[in-house]
Amino acid sequence: MKILVVEDNPSVSSMLELFFSKEGIQGEFAADGLEGYQKYKEGTHDLLILDWMLPGMDGIALCRKIREEGSAVPIIMLTAKDSESDQVIGFEMGADDYVTKPFSPLTLMARIKAVTRRTQKMEATSDLIETLHFTVNKETRSVLKDAQEVDGLTPKEFDLLVFFLQHPKQVFSREQLLEQVWGYQFYGDERTVDVHIKRLRKKINGGDKLFHTVWGVGYKFEEYAN
């Protein structure tokens, strides 16, 4: 596995470089956002780790730029910010996950494995999903609802939609959705699910009639004929 880390704190980079070598991971490092973007363009990476606050180009801007270019490479944000609004910003820009500083290398490694496992699982299943109202191509990450293109889904919103399409009418708790879509427990941070459901309802026409809240339990996805 090859991971690009864009982090301006030399201590953090040195710690990760040492830990990666023990884990058999090839790490590439950049100290600012512009250098990180250049290394991203010049290389092939299995995962990116971006610090939120960076000189030259901050991590959020870098994440957004990479997603606007159509890349689905997994991205984990490193951030000292842990409020719900900060999470929303990161996810809206296309981050797959975030780790709050200070963190242990073992925690980060668990997140890396979870994101990688989820990505591989998504790639292993059929590329085309067709339901009553949706046609989804997982290879191109395109979504049609009633033959109309759905634009602006972040990678995680796309993954959550695909999971629901593959499990219609099933009720999932927030913990189950975190485990199945994010690939691990968010240590009680269930707001992540609520934020993504809210965004899907807003971005998909008729979303309020598709993503149903099951009070006291969680959510389910169910389509009805128009």
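Predicted model: local features only at pLDDT ≥ 70, side-chain atom pairs only at ≥ 80, totals over all residues.
1. The largest pocket has a volume of about 710 Å³. Of its 33 lining residues, Gly70, Ser71, Ala72, Arg141 and Pro155 are the closest to the centre.

2. Two or more lining residues come from each of helix 3 (59-68), helix 5 (105-124), strand 8 (142-145) and helix 6 (155-166). Helix 5 gives the largest share, four residues. By class, the lining has 15 charged, ten nonpolar and eight polar residues.

3. The structure holds twelve salt bridges. In one of them, the side chains of Arg111 and Asp97 meet at 3.5 Å, N to O. Arg111 belongs to helix 5 and Asp97 to strand 5 (residues 97-100), so this pair ties together parts 14 residues apart in sequence. Both Arg111 and Asp97 are buried.

4. Arg141 also forms a salt bridge, with Asp159, and their closest N and O atoms are 3.1 Å apart. Arg141 sits in the loop between strand 7 (134-137) and strand 8, while Asp159 is in helix 6, 18 residues apart. Arg141 counts as partly exposed because its relative accessibility is 32%. Asp159, at 3% relative accessibility, counts as buried.

5. Between Asp194 and Arg174 there is a salt bridge with the closest N and O atoms 2.8 Å apart. This pair links helix 8 (residues 191-203), which holds Asp194, to helix 7 (residues 174-182), which holds Arg174; the two residues are 20 apart. Asp194 has a relative accessible area of 27% and is therefore partly exposed.

Conventions
Residues numbered from 1 in each chain as written. Heavy atoms only, no water. 1 Å grid on protein atoms, 1.4 Å probe; cavity = no way out; pocket = protein on both sides within 12 Å on 5 of 7 lines; lining within 4 Å. Points joined across faces, edges and corners; volume = space filled by probe spheres on them. Nonpolar A, V, L, I, M, F, W, Y, C, P; charged D, E, K, R; others polar. Salt bridge = Lys/Arg side-chain N within 4 Å of Asp/Glu carboxyl O. Buried < 20%, exposed > 50% of the residue type's maximum accessible area, 1.4 Å probe, protein only.
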